[in-house]
Amino acid sequence: MPWPAWVPPVLATFLAATVLAGPGPAEAATASGAVLDPGHSSVSWQSPVYAEGTKGGTESCPAAGADPENKVCDRFDLNVSVPDGYWDDNPEGGVPLSVTWDHPSDDFDLYVYDDQGKQVASSAGTADPEATVIPRASGTYHVLVVPYDVHGGSVTGTAYLPATTDAGDLTSFSGRDGSYTIGAGTLTARADFLTGDQLRLQADPSGSLSDPAGTAIVREQPALQRHTSSFDAGAYYGIRSPGAVLRVYKHPLRFGLYKPDNRARIWQEDKPLRWSTGGMRQSLARGADEQFFGGGEQNGSFSHRGQTMYVSNSFDWDEGGYNNSQPFYLSSAGYGVFRNTFAPGVYTFGSPVTTGQQERRLDAYYFLGDAKHVIGDYTALVGKPFMPPVYGLEPGDSDCYLHNANRGERHTLDALKVADGYTEHQMPLGWMLVNDGYGCGYENLEQTAKGLQDHDAQLGMWTQDGIDKLADQVKAGQRVAKLDVAWVGNGYKFALDACDAAKKGIEDNSDARGFVWLPVSWAGAQRCGVLWSGDQKLSWDYIRWQIPTYAGATLSGIAYNTGDVGSIYRHDAKMYARDLQWKAFLPAIMTMDGWASDLTTGKPADQQPWLDGEPYTSINRKYLQLKERLLPYMYTLSAQAAKTGVGAVRPLWLEYPDDPKTLGAEAKYEFLSGRDFLVAPVYQDSETRDGIYLPKGTWTDYWTGRTYQGPTTLNGYHAPLDTLPLFVREGAVVPMWPKGTTSWQTRDRHELDWDLYPAAHGTSRYTLYEDDGVTRDFTKGAAATQSVSTRADRTGISVAVGASKGSYKGKVTARTYTFTVHGGSAPARVLLDGRRLPRSAWSYDSAKHVTTVTTPSLPLKRGFGLRLVEGR
């Protein structure tokens, strides 16, 4: 279910488990407010007792003048007076503010406005305490506490100015066999070298190291790398491991990580660790050309040099939001770092780089290597991306059918009428969510599940009331679970636990793979769910900013990140078609029906892809069927992601890190789907796309066959409504299901097509992955692979297809192949294992320079060779 409409966007939401009182005297709060300044470092106040809640958001509170005694909502004014530069290097970055209450059944929400009435912070979830930070606070702020769901309760409000302390000189150093303990006065630190060239660095000014996250995020701690040694270099102690040298500077205590030669810097603290009342930051020197990525889902960006990146739970679904953020970043200097915490953080990638979490401790894992290696190590620590069922890579459809306030009274079985529409219009449908949980229950669940299965689709449901209901629902046929407000709450551990539990609930009660969606998460969610960017309103900007969002999320190991096709709240036929085109190249997509209104008329508008009529129906069908045909390609990418941590949707930089233009504006609004497809969506009301950047190599226009030599930038590319700018890399080997396929279940299993773009020089190789698509038998080895290679020379093109190795339930013993070979002139003859194929088995398109070859049925247990001989 979408987040309730009354929840406003936030600038930053910082939730903390506890709030530590700051040093210095507390300001005695008046009935209306108090001052925070260097002489008054903390303040608290008590609200009235509320007999009942408003059941609404800020709009349920009357104006202050109409509520002078705060009988409906609590108001408190806070004047913050700090010297210039006070926040420049403060770990908490602003004034922490929280409200707590005594009755567990109560729920208060917290909002903060500046003196101009602009909302600058909020915490409106289900946590106790509700906590936030007023970023870089200075001036007067108006705190509004809404008693959302209250039964005779009150709140205690607390705010403080965080005081700071820096680590001093080194006072102790000891250790061996991979683990070293360091002291600097009351600060205790420990450096653990781990197998796989990893380092865990912990520090705590209390003198006692702790691990509040436990095993909730890190599922299995790597073993110690015991082959280490230490040495005294005068100004610092050095700890040498096979992969790096850690410098421990003495005056004051600072850390630096260097390559094994102890000369080339990986990262270096330019200042000692600094902690505050409730936070700790690390400050690093920034390299001249160093770039930064990660942070999970950061709406609208993937490259963060020179920017401040927030890592917390944000219910701002639009550009600038970060509701699926993660405390992880990746540097082009050859390392990545994960902060092992559920505390929010602020990362500023200026000079210097400062990374701070809202907890008074440091617990950081450092991974060394290039970007893909770092992503692999990070996801090995917190969980590799899950392997989805094949129907999860088909389009999904979502609506409320029972007690639908937006569309009138219906019944759950009415979902089958929508499924009829997908079948009638020959559009793929993998699954349907038939309820939203917010007053929209369900009935006839088994019949609905059976009816969807008859349409080759699976039953999905929102899980709003309780994950404990999954057992019965799964036994009735449910195979998809979408978590929402009640089960992601304020995010963090609550959301991560819910995601793990929902996946387990499906798998414990069926032989299916768990397939879970959620809109708020934390580090580790890639192991259990598809991350969904929340509720947005349709605009061309909506299409634009999602492009770098999903590509950038891959750099945090998030393999499945997506948004609603055409958004949820507004509909426009042209924007819907443009949005669907490029999202066909994301692994997971979903259309949300039942909440949208037409952008022009304002009338309710459902969003199934055939409802707008022609030409839109045909355009939408074209891309949905193309997505279906490409499922063998995308499914293989999913299998690779489950092993490597690297998802399908990639910024160009990931594959071309030495090309600085992949970080520029030209490449920001395009992405790679796997290595082979470059997708440049049209995100304006135009039939022309400018600024398409093609990196080094030869690229073929998917629609026309025209080739381009990169690096180059295309302007004025003609892209009428039915055309998505789409280019294929030279050397690509792309498996496809036969034309006209609309379901993984009804596809012709005895045919497989290959789309080939042979390189002018060298050999191109590809390995197809296949399994039964739905069960977890693949974890026991029930899967198969088949290799294909292409090579071009002056006499023709050779294709080598290996035997299919491995077995799984439903695997066929033989199949025909259709090869579409791009480039070159018409062949004089085509040979299969050295024998000439009849002319009827192949054709040549002189306009696109494409040869199409169809083989007879061939056994999978044996490989074969295909040769296109040039006609010279």
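Tutor: Let us begin with a term: contact means heavy atoms within 4.5 Å. The model before us is predicted. In that sense of contact, Ala 573, Lys 574, Tyr 576, Ala 577, Leu 580 and Gln 581 of helix 8 meet Tyr 616, Ile 619, Asn 620, Tyr 623 and Leu 624 of helix 9. By class, the residues of this contact are eight nonpolar, two polar and one charged.

Student: At what angle do helix 8 and helix 9 pack, and how far apart are their axes?

Tutor: Two packed helices are described by the angle between their axes and by the distance between those axes. Here helix 8 (residues 573–583) and helix 9 (residues 616–629) pack at about 10°, and their axes are 9 Å apart. Helix 8 is therefore roughly parallel to helix 9, since angles under 35 degrees count as roughly parallel.

Student: Which residues of helix 2 are buried?

Tutor: The general idea is that an α-helix has 3.6 residues a turn, so residues three or four places apart point the same way. In helix 2 (residues 415–424), the buried residues are Ala 415, Leu 416, Val 418, Ala 419, Gly 421 and Tyr 422. Among the elements that cover these residues are strand 30 (396–398), strand 31 (431–433) and helix 3 (445–454). After helix 2 comes Gln 426, whose phi is positive, near 55°.

Student: Is Ser 638 buried or exposed?

Tutor: Ser 638 lies in helix 10 (residues 631–644). Its relative accessible area is 3%, so Ser 638 is buried. Leaving aside residues up to four places away in sequence, Ser 638 touches Met 387, Pro 388, Leu 393 and Tyr 560.

Student: How does Gly 320 count in terms of relative accessibility?

Tutor: Gly 320 has a relative accessibility of 45% and therefore counts as partly exposed. Gly 320 sits in the loop between strand 24 (308–311) and strand 25 (325–331). Sequence separation and spatial separation should be read side by side: Gly 320 and Trp 545 are 225 residues apart in sequence, and 9.2 Å apart in space from C-alpha to C-alpha.

Student: Let us turn to sheets. What is the strand order in the open sheet of eight strands?

Tutor: In a regular strand the side chains alternate between the two faces of the sheet. The order of the eight strands is 36-35-34-33-32-31-30-38, with parallel pairing. Strand 36 (561–562) and strand 38 (590–592) are the edge strands, each pairing on one side only. Within this sheet, strand 32 (residues 458–463) pairs with strand 33 (residues 478–483) in the parallel sense over five bridges. Trp 462 has Lys 482 in strand 33 as its bridge partner.

Student: What is the bridge partner of Thr 820 in strand 58?

Tutor: The partner is Thr 852. Strand 54 (residues 814–822) and strand 58 (residues 850–854) are paired in the antiparallel sense over five bridges. Strand 57 (residues 842–845) also pairs with strand 58 in the antiparallel sense, over four bridges, and there Ser 843 has Thr 852 as its bridge partner. The hairpin of strand 57 and strand 58 has four residues between the strands, and His 849 in that hairpin takes a positive phi near 55°.

Student: Finally, where does UniProt place the feature "domain: DUF5110"?

Tutor: The unreviewed UniProt entry places it at residues 751–823. Over residues 751–823 the chain is 0% helix and 56% strand, with the end C-alpha atoms 23 Å apart. The UniProt annotation "domain: Glycosyl hydrolase family 31 C-terminal", also from an unreviewed entry, is at residues 648–734. Over residues 648–734 the chain is 9% helix and 41% strand, and the end C-alpha atoms are 14 Å apart.

Conventions. Residues numbered from 1 in each chain as written. Predicted model: local features only at pLDDT ≥ 70, side-chain atom pairs only at ≥ 80, totals over all residues. Heavy atoms only, no water. UniProt positions renumbered as here; feature names shortened; annotations may be inferred. Helix = DSSP H or I, 4+ residues; strand = E, 2+ residues; numbered from the N terminus. Axes fitted to C-alpha atoms, helices over the stretch in contact; angles between N-to-C directions. Parallel < 35°, antiparallel > 145°, perpendicular 65-115°, else oblique. Nonpolar A, V, L, I, M, F, W, Y, C, P; charged D, E, K, R; others polar. Buried < 20%, exposed > 50% of the residue type's maximum accessible area, 1.4 Å probe, protein only. Pairing = 2+ DSSP bridges.
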